[in-house]
Amino acid sequence: MKLYISLLGFGKVGRQFVKLVRAKEQDILNWHGIEPKFASVSSSRGYVANPDGLDIDVLAGMAIREQNLAEHPDFVPYGAKDKMDGILPEVAGKDCIKVLVAAASSDFETGEPTLSIMKSAISRGWNIASMEKSPLVVAFDELTEMARKFGVELRYSGATAAGLPTIDIAKISLAGSKVMAIEGILNATTNYVLTLMSEDGISYEEALSMARAHGYAEPDPTRDVMGIDTACKILLIANAAMGCRKKLSDVKITGITHITPRDVASWAIEQRTLKMIGRAWREDDDVKIEVSPMAVPYYDMFAKVNGSGKAVRFVTDLFGELVVTVQEGGPVAAAGSGFKDVINIFRSFQGRI
Ligand SMILES: NC(=O)c1ccc[n+]([C@@H]2O[C@H](COP(=O)([O-])OP(=O)(O)OC[C@H]3O[C@@H](n4cnc5c(N)ncnc54)[C@H](OP(=O)(O)O)[C@@H]3O)[C@@H](O)[C@H]2O)c1
């Protein structure tokens, strides 16, 4: 069956996603019966679209060469035609599944422009696989309710620590159990910085500049080091896994900028290491969420998650504690988690998951 993808964003993650679909095109046809087509790809300035499917070799070639989407021969700048009709074309044939893959950059406060595109997509019957956090953090309730009303799926593995499976574990592997608490090392930048501070005894500033040099910190890492990225992720995971409807303003957040080598050394004497932890737990019929650096005992599995690694721990009534860790991160893992969501959306509509 044909599966039409509208890809929002042709940056680091968007290009990886195109390369991944091209590389695994035959596998997903053989394994799942999916025939993937790109109905559109869009960037900040415009889009390319074809209701029968764009030439994937052309897109993959551009992705490999890291070309801007505007260099595509059929590029349509915004303003030339209706933007939503361009990004979300009426695809050819009725017997198909449509997925908007969100890999653009949207405003942290408003979730725009992706939020409006997501809402338009849902109302036109497109499922969502989002690597973007902002639209979900801003309008989780509204998007969830819209997806229910229009009978489409809203998935966001790429927004909740990407290569680290979180929501899928809660919803599939832990089905039937009550999640009592969740803890996670969910941000590669802060884990990398704290690992360097612990292992090399260097200052926060030195560790951050090494993280930048090795590509583990953005030029502006404010949202990472202040704990906001971790807060967005634990918020989305808790809302999905614990059935709450918390907002970012409900999360108590402390960053890592105040941590000194002396703090690290004094915890080491007590056989503990500092980790940036996002945690959610049940308390008095409510769910509390907090992000802060915490001193983890050396025997704890989280203490062994170093560098750019991530981890999540679920505490449940039926299965006790479950810990998952991953080392892979960055655009490849983000694209891979979007790809996984697309496959699972297809399988869900086939009644196979
Ligand atoms: N990089 C990672 O490791 C990672 C991991 C997990 C999640 N994510 C999330 O994935 C998303 C993409 O990340 P990235 O690293 O690929 O960023 P990026 O390299 O900066 O690419 C962003 C893309 O979004 C496009 N864009 C910006 N405004 C747009 C608009 N109004 N409409 C459509 N497209 C628009 C840009 O267009 P132009 O090409 O015209 O500039 C660009 O193609 C972000 O939300 C990020 O938080 C990233």
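Which residue just after H2 takes a positive phi? In this predicted model, select glutamate 66, which follows directly on H2 and has a phi of about 55 degrees.

From there, step back into helix H2 itself, residues 56–64, where Ile56, Leu59, Ala60, Gly61, Met62 and Ala63 are buried. To see what covers these buried residues, display helix H1 (12–32), strand E2 (35–42) and strand E3 (46–49), which are included among the covering elements. At the N-terminal end of H2, zoom in on aspartate 55, which caps the helix with a side-chain oxygen lying 2.9 Å from the backbone nitrogen of aspartate 57.

Next, show the sheet, an open arrangement of 7 strands with mixed pairing, in the order E4-E3-E2-E1-E5-E6-E7. Strand E4 (76–77) and strand E7 (154–155) stand at its edges, and because each has a single partner strand, one side of each is left without a neighbour in the sheet. Now select strand E1 (residues 2–8) together with strand E5 (residues 96–102), which run parallel and are joined by 7 bridges; leucine 3, for instance, has isoleucine 97 in E5 as its bridge partner. Packed on the sheet is helix H4 (residues 114–123), which touches E1, E5 and strand E6 (127–130), and whose direction makes about 170 degrees with that of E5.

Finally, move to helix H9 (residues 222–225) and pick aspartate 224. Aspartate 224 is buried yet has no salt bridge, the nearest side chain of opposite charge being lysine 233, 6.0 Å away. Leaving aside residues up to four places away in sequence, aspartate 224 touches Asn187, Thr189, Thr190, Glu218 and Asp229.

Terms used:
Residues numbered from 1 in each chain as written. Predicted model: local features only at pLDDT ≥ 70, side-chain atom pairs only at ≥ 80, totals over all residues. Heavy atoms only, no water. Buried < 20%, exposed > 50% of the residue type's maximum accessible area, 1.4 Å probe, protein only. Helix = DSSP H or I, 4+ residues; strand = E, 2+ residues; numbered from the N terminus. Contact = heavy atoms within 4.5 Å. Polar contact = N/O pair within 3.5 Å; in protein donor to acceptor, adjacent residues only side chain to side chain. Lys, Arg positive; Asp, Glu negative; His and termini not counted. Salt bridge = Lys/Arg side-chain N within 4 Å of Asp/Glu carboxyl O. Pairing = 2+ DSSP bridges. Axes fitted to C-alpha atoms, helices over the stretch in contact; angles between N-to-C directions.
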